Amino acid sequence: MSKGSFQYISTRGQADRVGFDDVLLDGLARDGGLYVPEVWPSWSSETLALWKDLPYAALAARTCAPFMAGSVVADDIAVLAKAAYDTFDDPTIAPLHDLGDGLYLQELFHGPTLAFKDYALQLVGHLFDAVLTARGERITVVGATSGDTGPAGIAACAGCAAIDIFMLHPKDRTSVVQRRQMTTVADSNVFNIAVEGTFDDCQDLVKTLFADLTLRDRVNLSAVNSINWARVLGQIVYYVHAGLQLGAPGRPVSFSVPTGNFGNIFAGYGAAQCGLPVDQLIVGSNANDILTRFFRDNAMEIRGVTPTLSPSMDIQVSSNFERLLFDLLDRDGAAVDEMIRSFRTGGRLLLDRNRWQCATRLFSGASLDDAGTIAVMRDVHEKTGRQIDPHTAVGLAAARACREGGAPVVVLCTAHPAKFPDAVEKATGRRPLLPLHLANLYDREERYVILPNDATALTDYIYANARAAGAAA
Ligand SMILES: *Cc1c(COP(=O)(O)O)cnc(C)c1O
């Protein structure tokens, strides 16, 4: 490794230390763990104060630069960040809206697919393309979606010269908005596949593909899934952005985050580790409340998944929680490995009391059922005229339930209300409108193939279309 390059280690402690580019392209570490920084960068108060008035893309470049030291694209980060956020439909990218009483909404739905995932994935797409081009490599991204990650993943990879993306969705089982966000993307490197089966079938097909080592090597199979470190990195930026606007570094700020896989809120933890003064990190859960039960009573117990109005949080095992666990266990990879294994088999995770109390100094959580979610959406609309999506409603309720002390609380709006039109209409009596850049979504031409739930058919389709296959043959 070259001098001054930033290093990452695995939460399971058995994989080699690696630099940013390998973390970006590999996703999961070879020992099954997740990558985390070996040492967090540290921003002084003076540095943070200098960043206060930077435009969003410039702030993203400053925030990401230390994490990317040693990367082949380290010198290009400013240009890549600018390109990533140029397409967003609000000039401030992540505007804050004052709700009064020290509560703020941070709108994270100004990217191409109207969800906060764009904020990281747009940057990750540009980083992937740049690193691959510099290395003279090409990859084939394959993923399965129930409707949530697919649009953001496609928007991130569309048009990238070094990437082809194949996205599987269960035929007729995603919402129409979600399907059209994927199937109306015209770029020739995007392949949408409607599988005659369920989301679980789609996931199993993807697993089968990754187990096919011939295919894997010939087309350079890759993923843009939520455990990729670069996605966490791209999310740290809006915590810093909001914090600086509300008085940091001179004054601490709290955040309330509608949480599923724990990736978003872990980025808030990362910002705090680097020096942003963060008072509280509040987890909002729907009826799938395993995380809020953990922060309330130190009992992490798996139950079944319940479908709710906030489907992006219908999750039982939050993969990114492992990154926090690593720190709570004093960065002992063997201990993490053992605890995760017994959690997967026994369905229960218990921390010793001191460690748990350490976590609850920063983290707390509250859950909200569907009836409560509708009530919050209705109340906000009646009082302010504003429509919020069901995930945001959960975050707002958690902020109110958990806030302590005087720090302002920023509620992250993780999706645009028009992404969940039925729930929003039910709560407010009005169907939310899509923003202008998507206003003609329902008129655009769709492009996808329908394939049976069959790995051979899928493999053949990928060989026939992936450019990486042609290059290797
Ligand atoms: C993905 C998603 C979430 C959950 O985020 P995590 O990083 O998985 O905790 C919450 N809300 C919306 C709208 C999402 O798309």
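Modeller: Happy to; we can go through the sheets, a helix, a loop residue and the ligand site.

Modeller: This is a predicted model, where local features need pLDDT of at least 70 and side-chain atom pairs count only at pLDDT 80 or more, while totals for chains, interfaces and linings use all residues. Residues are numbered from 1 along each chain as its sequence is written, and side-chain values use heavy atoms, with hydrogens and water left out.

Colleague: Great. What is the strand order in the open sheet of five strands?

Modeller: The order is S8-S5-S6-S7-S15, and the pairing is parallel. Helices (H or I, at least four residues) and strands (E, at least two) are DSSP runs numbered from the N terminus, and two strands pair if DSSP finds at least two bridges between them.

Colleague: And which strands stand at the edges there?

Modeller: Strand S8 (221-222) and strand S15 (449-452); each has a single partner strand, so one side of each is left without a neighbour in the sheet. S8 is joined to strand S5 (residues 139-144) by two bridges, with Val-141 partnered by Ser-222 in S8.

Colleague: Which strands does helix H5 touch?

Modeller: Helix H5 (residues 117-135) packs on this sheet and touches S5, strand S6 (163-170) and S8, and its direction makes about 140° with that of S6. Contact means heavy atoms within 4.5 Å. The axes are lines fitted to C-alpha atoms, for helices over the stretch in contact, with angles from 0 to 180 degrees between N-to-C directions. Helix H7 (residues 176-183) lies across S6 and strand S7 (190-196), at about 155° to S6.

Colleague: How many bridges do S3 and S4 share?

Modeller: Four, in the antiparallel sense, with S4 covering residues 103-107. S3 and S4 form a hairpin with two residues between them, and Asp-101 in that turn has a positive phi of about 60°.

Colleague: Now H14. Which of its residues are buried?

Modeller: Gly-333, Val-336, Asp-337, Met-339, Ile-340 and Phe-343. Buried means under 20% relative accessible area, exposed over 50%, and partly exposed in between (1.4 Å probe, protein chains only). Their cover includes helix H12 (290-297) and helix H13 (321-328). After H14 comes Gly-347, with a positive phi near 75°.

Colleague: Is Asn-298 buried or exposed?

Modeller: Asn-298 counts as buried, at 8% relative accessibility. Asn-298 is in the loop between H12 and S11, and a polar atom of its side chain lies 2.8 Å from the backbone oxygen of Leu-351. Residues that Asn-298 touches include Arg-293 and Trp-356.

Colleague: Last one: which residues come nearest the ligand?

Modeller: Of the 15 residues around the ligand, Lys-117, Gly-260, Asn-261, Asn-264 and Thr-414 come nearest; a residue is near if one of its heavy atoms lies within 4 Å. An N or O atom in the side chain of Lys-117 is 2.5 Å from a ligand oxygen atom, and a polar side-chain atom of Asp-148 lies 3.0 Å from an oxygen atom of the ligand.

How values were computed. Polar contact = N/O pair within 3.5 Å; in protein donor to acceptor, adjacent residues only side chain to side chain. Lists of a residue's contacts leave out its neighbours within four places in sequence.
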